[in-house]
Amino acid sequence: MVREQYKDCLPEYLLVIGQVTGSNLVCLDIRANVLGHIYIWDHECHGDETGLYLAAYSFSEFIRSLREDTS
């Protein structure tokens, strides 16, 4: 369902695995040469900007980087 909703915005090689505040998405890259890289997709980027920001080189690294929001 999420994939269908954002099919015109996200490259086909990204698998949506989560969502963060503001409708931004957590995506897993499934291309062979970068398999497992985790990106955050900023839904407000348009035009030439992809809105993709590398969050981690692997899912394990991404999970280890998560911290509790204490604010």
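Helices and strands are DSSP runs, with helices of at least four residues and strands of at least two, numbered from the N terminus. On this basis the predicted model shows a protein chain with 2 helices and 4 strands. Read along the sequence, these elements follow the pattern α-β-β-β-β-α. The radius of gyration is 12 Å, close to the 11 Å that the globule rule gives for 71 residues, so the chain is as compact as a globular protein of that length. Along the principal axes, the C-alpha atoms fill a box of roughly 35 × 35 × 25 Å.

The accessible surface of the protein chain comes to about 5300 Å². Carbon and sulfur atoms account for 52% of this surface. Of the 71 residues, 28% count as buried. Among contacts between residues at least 6 apart in sequence, 10% join residues at least 24 apart.

Strand pairing was examined next. Strand S2 spans residues 24–29 and strand S3 spans residues 38–41. The two pair in the antiparallel sense over 4 bridges. Within this pairing, Cys 27 has Tyr 39 of S3 as its bridge partner. S3 is also joined to strand S4, residues 52–56, by 4 bridges. S3 and S4 likewise run antiparallel. Here Trp 41 stands opposite Leu 52 in S4.

The largest nonpolar core has 8 residues: Tyr 6, Leu 10, Leu 14, Leu 25, Cys 27, Tyr 39, Trp 41 and Leu 52. S2 and S3 are the elements that give two or more residues to this core. A second, separate core has 5 residues, including Val 26, Leu 28, Ile 38 and Ala 56. In a regular strand, side chains alternate between the two faces of the sheet. Leaving aside neighbours within four places, Tyr 6 is in contact with Ser 23, Leu 25 and Trp 41.

Asn 24 lies in strand S2. Its relative accessible area is 17%, and Asn 24 is therefore buried, the cut-off being under 20%. The side chains of Asn 24 and His 43 are joined by a polar contact of 2.8 Å. Beyond neighbours within four places in sequence, Asn 24 is in contact with Gly 18, Gln 19, Ile 40, Trp 41, Asp 42 and His 43.

Conventions. Residues are numbered from 1 along each chain as its sequence is written. This is a predicted model: local features need pLDDT of at least 70, side-chain atom pairs count only at pLDDT 80 or more; totals for chains, interfaces and linings use all residues. Side-chain values use heavy atoms; hydrogens and water are left out. Two strands pair if DSSP finds at least two bridges between them. Buried means under 20% relative accessible area, exposed over 50%, partly exposed in between (1.4 Å probe, protein chains only). A polar contact is a pair of N or O atoms within 3.5 Å; within protein, one must be able to donate a hydrogen and the other to accept it, and residues adjacent in sequence count only if both atoms are side-chain atoms. Contact means heavy atoms within 4.5 Å. A nonpolar core is a set of buried Ala, Val, Leu, Ile, Met, Phe, Trp, Tyr and Cys residues joined through side-chain atoms within 4.5 Å. The radius of gyration is taken over C-alpha atoms; the globule rule is 2.2 Å times the number of residues to the power 0.38. Accessible areas come from the Shrake-Rupley method with a 1.4 Å probe; for residues, only the protein chains shown count as cover.
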